Amino acid sequence: MTDIKVNSLWALLGFPIGLVSLLFYLYSRWRKEEVRDKVVLITGASSGLGEACAEVFYDSGCKLILTGRQVTKLMDLKDRLLKKKKPGCHNPAIISIDLENLPSIPGKVNQAIAAFGQVDILINNAGMSYRGEAIQTKIDVDMKLMNVNFFGHVEITKAIVPHMIQKNGGHIVTISSIQGRIAIPFRSAYAASKHALQAYFDSLRAELHQHNINVCVVSPHYINTNLSLNAITGDGSPYGKMDQTTANGLKPEFVAKQILDCVVHRTSELTIAPLFVRMAIGLRALAPWIYFRLMERRAEKERKNK
């Protein structure tokens with residue numbers, strides 16, 4: 001008799017929970033249909049997270065504008081996407097963009113807009129990492145990181161936003177980093193560029209709200225890409241190593257799906273990181289002196305391990 005009562009109770013509880021889950025699933029599917037046929041411009045699409053974003057948004061029926069410096073890799077990605085032969089999918093456009101060449105960016109953006117007549121979703125993804133001591137880092141390296149990770153994306157955004165305002169809508173997704181929220185030793189130039197990115201797009205979000213343009217800043221933990229391999233050191237030479245934290249990082253495909261969800265649900269900010277990292281962000285805000293002491297110890301430990 002007791003078992004019957006327990007089963008009946010679970011049935012009563014299970015029905016509304018199941019119904020809510022079903023409704024949420026149907027709602028999410030419906031919202032994802034809204035991105036179909038939208039024009040998505042992705043910077044740094046030739047590899048890593050940018051490549052994964054291209055796959056995810058293409059599978060969702062979007063029109064892609066793939067940008068980057070390595071046109072051959074972009075062509076390979078385009079061929080791979082077209083081989084899927086998904087019904088309703090579109091032929092991606094390819095535009096070569098060098099984020100360090102700031103004067104060239106407005107013209108490149110005009111080419112991108114001409115491909116499909118508009119850009120509905122901008123994904124500021126391209127970036128460069130760095131390893132080195134701040135006082136031993138050449139100012140040219142600091143400037144290079146700021147150009148690639150910050151000024152280049154600001155310039156692209158400024159070129160695209162007026163078109164979004166004209167049609168009263170759009171999405172801007174900017175890929176920052178946990179190091180845009182908290183700084184760690186031997187990443188000064190990288191952390192500075194990501195902090196700048198975070199602050200700029202936080203301001204822009206408020207300014208563009210009246211135009212129905214959503215701005216989302218995504219701050220992921222380490223992602224399993226070639227970012228550390230392609231990093232530069234304080235003198236500008238290649239770092240050329242796969243850090244263990246990067247090798248054990250998040251799957252790019254997982255992060256790309258989270259980015260799609262950001263667009264679908266018009267999310268303003270997303271932090272993709274383990275609990276201890278989120279706690280570190282909170283610690284930096286609530287008890288900064290403790291965080292600073294932890295970073296001092298980390299710096300000492302890394303010096304000993306060199």
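This is a predicted model: local features need pLDDT of at least 70, side-chain atom pairs count only at pLDDT 80 or more; totals for chains, interfaces and linings use all residues.

Reader: Is Asn168 buried, partly exposed or exposed?

Author: Buried means under 20% relative accessible area and exposed means over 50%. Asn168 has 45% relative accessibility, so it counts as partly exposed.

Reader: What is phi of Asn168?

Author: Asn168 is a residue other than glycine, and its phi is positive. The value is near 55°.

Reader: Where is Phe186, and what is its phi?

Author: Phe186 lies in the loop between E6 and helix H6 (188-208). Phe186 is likewise a residue other than glycine with a positive phi. That phi is near 65°.

Reader: Is Phe186 buried or exposed?

Author: The cut-off for buried is under 20% relative accessible area. Phe186 has 10%, so it is buried.

Reader: Which residues is His171 in contact with, leaving aside its neighbours within four places in sequence?

Author: His171 sits in strand E6 (residues 170-175). Its relative accessibility is 14%, so His171 counts as buried. With those sequence neighbours left out, the contacts of His171 are Asp120, Ile121, Leu122, Met164, Asn214, Val263 and Arg266.

Reader: What separation do the C-alpha atoms of Met143 and Glu100 have?

Author: Met143 is part of helix H5 (residues 139-166) and is partly exposed, at a relative accessible area of 47%. Along the chain, Met143 and Glu100 are 43 residues apart. Their C-alpha atoms are separated by 9.6 Å.

Reader: Which element gives the most to the lining of the second largest pocket?

Author: The second largest pocket holds about 530 Å³ of space. The elements giving two or more residues to its lining are helix H7 (244-247) and helix H10 (288-305). With four residues, the element that gives the most is H10.

Reader: Which residues lie nearest the centre of the second largest pocket, and how many of its lining residues are charged?

Author: The lining has 18 residues, and those nearest the centre are Arg131, Arg187, Tyr239, Glu302 and Lys306. By class, three lining residues are nonpolar and six are polar, while the number of charged ones is nine.

Reader: Why does the second largest pocket lie between two domains, and which are they?

Author: The lining of the second largest pocket draws residues from both domains, so the pocket lies between them. The two are domain 1 (11-273) and domain 2 (281-305).

Key:
Residues are numbered from 1 along each chain as its sequence is written. Side-chain values use heavy atoms; hydrogens and water are left out. Buried means under 20% relative accessible area, exposed over 50%, partly exposed in between (1.4 Å probe, protein chains only). Contact means heavy atoms within 4.5 Å. On a 1 Å grid over the protein atoms alone, a cavity is a set of points where a 1.4 Å probe fits but cannot get out, and a pocket is an open set with protein on both sides within 12 Å along at least five of seven lines; lining residues have an atom within 4 Å of a point. Grid points are joined across faces, edges and corners, and a volume is the space filled by probe spheres set on the points. Ala, Val, Leu, Ile, Met, Phe, Trp, Tyr, Cys and Pro count as nonpolar, Asp, Glu, Lys and Arg as charged, and the others, Gly among them, as polar. Domain bounds come from an automatic or database domain assignment.
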